[in-house]
Amino acid sequence: SQVSFEEESQNPPAVGHWKPLMPSKGDKEEPEGGCQDAGGVDEPQSTEQLNVSRLRSSSVEIREKGSEFLRDELHKAQKELKLKDKECERLSKVREQLEQELEELTASLFEEAHKMVREANTKQAAAEKQLREARGKIDMLQAEVTALKTLVITSTPSSPNRELHPQLQSPSKGGFRKGHGRNKSTSSAMVSAASHNVAPEPVSRECKEVDSILFAEFQAWKESPTLDKSCSFLDRIYREDVGPCLDFTKQELSELVRAAVEQNTLTIEPVASQAVPVGKVAAEECGGPKKCALSGLPRTCKHRIMLGDSGNYYYISPSCRARITAVCNFFTYIRYIQQGLVRQDVELMYWEVMRLRREMSLAKLGFYPSEM
């Protein structure tokens with residue numbers, strides 16, 4: 001081992017005196033007898049010493065080579081340690097950099113989270129404020145709807161409340177006002193049930209039977225109420241009731257009246273006997289207190305109509321007014337259903353529609369209350 005080699009190197013071997021095998025020239029020759037005696041004794045000893053010297057020289061050589069090999073291995077190990085130290089230093093720097101980035105990321109995440117929480121709190125406060133305002137508006141709208149329902153209950157198309165609709169009062173009670181009141185067909189066209197009810201018997205005594213086809217069409221329309229005349233329910237009523245009821249002698253004016261009724265822009269108002277036609281249209285076209293503009297016949301006209309905002313008035317007879325009013329009552333009730341203001345059973349609504357259709361049919365045949 002290395003330790004034994006080092007110990008041997010520190011303790012050099014004891015080297016004996018070497019006897020020359022052959023005498024040198026300067027030496028004196030010894031007696032022959034003495035040489036024979038010495039050769040017989042010293043020859044094995046010299047051989048042994050030579051072998052020991054060879055062994056020692058080989059061990060020294062081996063020790064030197066081992067030392068050199070160990071130095072090389074040590075040098076390699078030192079190089080590897082230096083490389084590992086550099087790698088450790090690099091990894092340490094990477095770890096420090098990652099730790100720093102992690103801390104920065106954590107701090108930014110916390111800051112972003114706090115920012116989001118603040119924004120959420122602000123939005124929540126704004127939403128709560130809007131909710132309170134919306135609830136206040138809802139309460140107000142509910143109050144308005146309640147009042148409107150009360151109005152609908154007390155003033156329906158079949159029996160309007162004349163206290164809520166002063167324009168329906170007769171001129172003798174309400175007095176004629178100068179100018180004209182802008183009463184759309186939604187309200188001005190409604191008349192009392194007593195003035196429209198031609199049948200002498202009450203409704204409760206009538207025998208009624210639901211027509212399956214008409215009721216099915218009404219139910220289908222009630223699922224998705226619309227004013228589009230392409231649906232089967234309204235298409236039938238347009239063909240059987242609305243069209244014939246608004247078919248007057250003056251075809252061009254009849255089309256205008258029909259469009260105004262559909263668009264809810266028709267105005268009906270009572271007139272005084274001394275009123276004269278106004279507007280751009282000639283007096284002959286507008287009719288007059290003694291001539292109906294729709295039928296062209298000489299009739300006493302107590303009412304006049306205006307189509308939209310045209311400013312042109314047309315005098316109409318009581319019969320024409322009854323026909324227009326019957327159609328307006330129907331459209332008013334249909335609009336009430338579409339807007340969700342009628343809270344009744346489907347069958348009750350169906351029978352109200354049938355009653356309004358009957359009013360249109362009777363008006364078309366020329367039946368109207370004497371008050372008109």
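Trainee: Which residues of E2 point one way, which the other way, and are they buried or exposed?

Mentor: His303, Ile305 and Leu307 point one way from E2, Arg304 and Met306 the other way, and all are buried. Buried is under 20% relative accessible area, exposed is over 50%, and partly exposed lies in between, using a 1.4 Å probe and protein chains only. Keep in mind that this is a predicted model, where local features need pLDDT of at least 70, side-chain atom pairs count only at pLDDT 80 or more, and totals for chains, interfaces and linings use all residues. Residues are numbered from 1 along each chain as its sequence is written, and side-chain values use heavy atoms, with hydrogens and water left out.

Trainee: Why is E2 called largely enclosed by the rest of the structure?

Mentor: Because five of its five residues are buried. E1 is mostly covered, with four of its five residues buried.

Trainee: What makes E2 and E3 paired strands?

Mentor: Strands are DSSP runs of E, at least two residues, helices are runs of H or I, at least four, and both are numbered from the N terminus. Pairing takes at least two DSSP bridges. Four bridges join E2 (residues 303–307) to E3, and the two run antiparallel. One of the contacts there sets Arg304 against its bridge partner in E3, Tyr315. The hairpin of E2 and E3 has five residues between the strands, and Gly308 takes a positive phi near 70° in it.

Trainee: And how many bridges pair E1 with E2?

Mentor: Five, in the antiparallel sense. Pro270 has His303 of E2 as its bridge partner.

Trainee: What makes E1 and E3 the edge strands?

Mentor: The three strands form an open antiparallel sheet in the order E1-E2-E3. Strand E1 (266–270) and strand E3 (313–316) each pair on one side only. The twist averages 30° from one strand to the next; axes are lines fitted to C-alpha atoms, for helices over the stretch in contact, and angles run from 0 to 180 degrees between N-to-C directions.

Trainee: Which strands does helix H10 touch?

Mentor: Helix H10 (residues 318–338) packs on the sheet and touches E1, E2 and E3, contact being heavy atoms within 4.5 Å. Its direction makes about 135° with that of E1. H10 is largely enclosed, because 19 of its 21 residues are buried.

Trainee: How do you know that the span of H10 is close to the expected one?

Mentor: The expected span is 1.5 Å times one less than the number of residues. H10 has 21 residues and reaches 30 Å from first C-alpha to last, close to the 30 Å expected.

Trainee: Why is H6 called oblique to H7?

Mentor: The axes of helix H6 (residues 212–223) and helix H7 (residues 232–245) come within 8 Å and cross at roughly 125°. Under 35 degrees is roughly parallel, over 145 roughly antiparallel, 65 to 115 roughly perpendicular, and the rest oblique. So H6 is oblique to H7.
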